[in-house]
Amino acid sequence: MTKPLINAPKTARRGEVIEIKAMIAHKMETGHRLGPNSQFIPRDIIHRFACTYNGVEVFSAELFPAVSANPFIAFTTVATESGTLEFAWTDDHGTVERASVEITVT
């Protein structure tokens with residue numbers, strides 16, 4: 001996996017609904033495709049995405065082989081307090097890529 005891209009507001013008003021967009025580069029190999037040696041290429045997908053807001057999970061998704069490469073996820077949450085949005089992508093090998101952004105709520 002490579003460094004993720006996060007688009008989230010840096011500031012928001014308390015109670016405002018904010019949109020968060022997250023994308024990560026990953027080939028998302030299904031395990032159903034034949035390689036050049038006529039052997040199946042092993043499955044390698046991101047199977048879980050989660051976002052926490054000050055340690056509380058506000059969004060999660062379970063992903064499956066039908067998801068395209070470089071998965072893009074957009075969701076909303078309510079700005080309640082200043083703090084940290086933390087993101088985690090977990091792949092089939094147990095590798096976890098993490099990212100975080102700060103938000104200031106007034």
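Three strands form an open sheet in the order 1-3-6, and their pairing is antiparallel. Strand 1 (5-7) and strand 6 (72-78) lie at the edges of this sheet; each has a single partner strand, so one side of each is left without a neighbour in the sheet. From one strand to the next, the twist averages 20°. The model described here is predicted.

Within this sheet, strand 3 (residues 17-23) runs antiparallel to strand 6, and the two are joined by seven bridges. V17 has V78 in strand 6 as its bridge partner.

Strand 4 pairs with strand 7 (residues 83-91) in the antiparallel sense, over seven bridges. R48 has T90 in strand 7 as its bridge partner. Strand 4 is also joined to strand 5 (residues 56-62) by six bridges, and these strands run antiparallel. In this pairing, A50 stands opposite S60 of strand 5. Strand 4 and strand 5 form a hairpin with two residues between the strands, and in this hairpin N54 takes a positive phi near 55°.

Notes
Residues numbered from 1 in each chain as written. Predicted model: local features only at pLDDT ≥ 70, side-chain atom pairs only at ≥ 80, totals over all residues. Heavy atoms only, no water. Pairing = 2+ DSSP bridges. Helix = DSSP H or I, 4+ residues; strand = E, 2+ residues; numbered from the N terminus. Axes fitted to C-alpha atoms, helices over the stretch in contact; angles between N-to-C directions.
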